[in-house]
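Biologist: Hi! Could you walk me through this model?
Modeller: Gladly, here it comes.

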Amino acid sequence: MLRLFDTASGTIRDTASDERARLYVCGITPYDATHLGHAATYLAFDIVQRVWRDGGRTVHYVQNVTDVDDPLLERAAHTGENWMSLAEREIELFREDMTALRVLAPDEYVGAVESVPELTDAIGKLLADGAAYYVGDDIYFSITASGHFGYESNYDRETMLTLFAERGGDPSHFGKRDPLDSLLWRGHRHGEPYWDTSLGKGRPGWHIECSVIALNRLGMGFDVQGGGSDLIFPHHEHSAAHAEALTASHPFARHYVHAGMIGLDGEKMSKSRGNLVLVSKLRAAGVDPMAIRLALLDGHYHADREWTGGRLPTAEARLARWRAAVTRPTGPPAHDLLTEVRARLADDLDTVGAMGAVDRWVAGDGGDPGAPGLVRNLVDALLGIAL
Ligand code: 5CA
Ligand code: ZN
């Protein structure tokens with residue numbers, strides 16, 4: 001049984017008791033290339049999927065791609081590129097990076113653009129139910145429409161207001177009923193893309209995208225809603241509240257799981273700050289993607305952590321040791337190692353502990369001819385490292 005830290009309850013709890021596990025992980029906003037922070041977050045959820053599959057569960061994994069939103073449109077306006085071709089190029093690069101890192105692909109990879117009809121249907125229903133209201137041509141969600149608003153982040157109102165302003169919200173927008181009410185639909189502004197719909201001309205807001213894409217494919221009460229910790233508020237709080245208002249049921253997800261932020265030079269690695277180490281740049285420089293993967297898994301997913309120049313050489317040396325060890329004709333018996341790696345990963349994805357156990361096997365000697373093959377397979381299946 002995989003146990004994961006759930007942000008909403010603040011505890012480590014069992015996941016997915018059903019045979020079919022349902023996973024939603026927030027996807028990229030494709031205006032710049034995948035950096036090591038994104039990669040670390042998708043790797044954490046890749047381990048979730050691998051542990052579930054290893055435990056005999058089938059996994060239904062849905063991921064979105066925010067292929068129309070302010071940061072993408074702003075970047076395209078800045079460089080003069082068409083926003084759709086920018087998105088298309090960056091999505092392709094992201095997929096190449098994920099494939100190189102051996103991240104298992106989601107079953108459904110769904111864009112906001114292709115989901116506009118679903119999104120307008122949902123927003124129309126929220127309007128009809130009194131959970132949403134017009135401010136001019138824009139439509140806002142009323143946080144009072146969900147009886148549980150705040151349960152996911154557990155932040156106090158002041159923290160919510162601060163984070164809302166920092167992360168794409170508009171607390172002081174005139175005409176809103178509550179500063180924390182979030183944008184569901186943005187009425188058409190000159191120069192911006194729009195759809196001509198029953199709601200009027202405009203484009204969808206951000207939180208409703210993940211809310212509806214997840215709800216319509218996984219249903220309510222799915223197992224894990226995942227992303228980086230910068231999505232705890234407002235994004236995951238609001239997407240849960242939207243779905244809960246839409247269905248008059250609770251909760252949206254059973255677990256809210258958040259990966260820590262990867263930092264560089266003491267600051268969160270981010271496209272807007274520009275302090276990036278790109279997966280594609282490392283690959284182009286000839287770095288083995290398996291070394292990148294090992295380096296990122298050598299730290300607990302939940303903790304904020306710093307990327308430093310020393311991490312890659314350490315991972316490369318470890319990878320070489322592991323590769324040498326599995327090409328030996330014999331090694332120490334490895335059944336206990338398999339049990340230990342499984343136990344470490346099931347305990348809130350303790351990849352550091354799992355990798356330490358592999359190190360100990362690698363350093364040992366023994367005469368079991370089946371062991372090197374078993375270790376190669378378990379490292380491949382559970383950690384996603386091809387030796
Ligand atoms: N499209 C939205 C989600 S619906 C979005 O946040 N896109 S993103 O491209 O900005 O981020 C993609 C994922 O990477 C998110 O889960 C985000 O939390 C995560 N992420 C972004 N920066 C970092 C970082 N420095 N460290 C770890 N994870 C990060
Ligand atoms: Zn999302």
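Biologist: Which residues in H6 are buried?
Modeller: In H6, those buried are His 207, Ile 208, Glu 209, Cys 210, Ser 211, Val 212, Ile 213, Ala 214, Leu 215, Arg 217 and Leu 218. Buried means under 20% relative accessible area, exposed over 50%, partly exposed in between (1.4 Å probe, protein chains only). Helices are DSSP runs of H or I with at least four residues, strands runs of E with at least two, numbered from the N terminus.

Biologist: Before we go on, what are the ground rules?
Modeller: This is a predicted model: local features need pLDDT of at least 70, side-chain atom pairs count only at pLDDT 80 or more, and totals for chains, interfaces and linings use all residues. Residues are numbered from 1 along each chain as its sequence is written, chains are lettered from A and ligands numbered from 1 in the order written, and side-chain values use heavy atoms, without hydrogens and water.

Biologist: Which protein atoms are donors of the zinc ion (ligand 2)?
Modeller: Cys 26 (SG), Cys 210 (SG) and His 235 (NE2), lying 2.1 to 2.2 Å from the zinc ion. Donors are N, O and S atoms within 2.8 Å of the metal (3.2 Å for Na, K and Ca); water is not among the atoms, so sites may look incomplete.

Biologist: And where do Cys 26 and His 235 lie?
Modeller: Cys 26 is in the loop between strand E3 (20-25) and H1, His 235 in helix H7 (residues 232-247), so the pair ties together parts 209 residues apart in sequence.

Biologist: Is Cys 26 buried or exposed?
Modeller: Cys 26 counts as buried, at 5% relative accessibility. His 235 is buried too, at 1%.

Biologist: New topic: what follows H6?
Modeller: Gly 219, with a positive phi near 80°.
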